[in-house]
Amino acid sequence: MKREILFLLVSSVMLLMTGCGEDEEGTTSTALVQGWHNQGKDCLACHNVDLQDERHLVFGGTVYKTEDNQNTDNLDTLCGGELYVNLWDAGHTQKLYESKKYVDPNSKGNRGKGNIFILQRMLGSINANNYFIEITDKNGTVLTSMLHQFSGGAYDINNPQDGSNRISCNACHSKDGGTTPIFVDFNKQNLCQ
């Protein structure tokens, strides 16, 4: 009896694993499956302190559908889909960085719904400057924008809300932080999956 149960369990697991993450040709699926990954938390506290170098971020944060978010663990409150960050000069006349150009197709980072980031190994760093920041969907539609300062310095876990180097978005943009979470324009909430 125990053998039969073990055989059924092993067979069920193997059946469930068949084809996971791959399409019929055996290549990795391009479907964007997003779930929970520390949304609303200080991204760089792990991704520049605790994790391996290949997982370090230049900056990172979380985007919500509305500013009135009571539960960071509720996936329905997050703006999902393929989100990108553009950094323009302070006058919003010249695009200087596009996260779309610094994506590692093998990275699993996009699985956290609503999370935005650039891997440090893909870009290196962001020059010291004031930047007009845009968050867009995959079609380039601007969902939200803001002006922020970057000192070009490294992340400091003892000062994650560094007002001169705003690289860890959730350190300030949180329900417990000094400002509201990052949220999309009301008229564009339907673009968030």
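Strand 4 (115-119) gives the largest share of the lining of the second largest pocket, 4 residues. Strands here are DSSP runs of E with at least two residues, helices are runs of H or I with at least four, and both are numbered from the N terminus. This is a predicted model, in which local features need pLDDT of at least 70, side-chain atom pairs count only at pLDDT 80 or more, and totals for chains, interfaces and linings use all residues. Residues are numbered from 1 along each chain as its sequence is written, and side-chain values use heavy atoms, without hydrogens and water.

Let's stay with that pocket. On a 1 Å grid over the protein atoms alone, a pocket is an open set of points with protein on both sides within 12 Å along at least five of seven lines, and lining residues have an atom within 4 Å of a point. The space in this one is about 550 Å³. Its lining has 24 residues, and H37, H47, L51, R55 and G109 are the closest to the centre. Helix 2 (43-50) and strand 1 (57-64) also supply at least two lining residues each.

Strand 4 takes us on to the sheet. Two strands pair if DSSP finds at least two bridges between them. Here 3 strands form an open, mixed sheet in the order 4-1-7, with strand 4 and strand 7 (182-183) as the edges. Strands 1 and 4 run antiparallel over 5 bridges, and L57 has L119 in strand 4 as its bridge partner.

Finally, find G163 in the loop between strand 6 (142-150) and helix 4 (169-172). Its C-alpha atom is 8.9 Å from that of H148, 15 residues away along the chain.

Definitions and conventions
On a 1 Å grid over the protein atoms alone, a cavity is a set of points where a 1.4 Å probe fits but cannot get out, and a pocket is an open set with protein on both sides within 12 Å along at least five of seven lines; lining residues have an atom within 4 Å of a point. Grid points are joined across faces, edges and corners, and a volume is the space filled by probe spheres set on the points.
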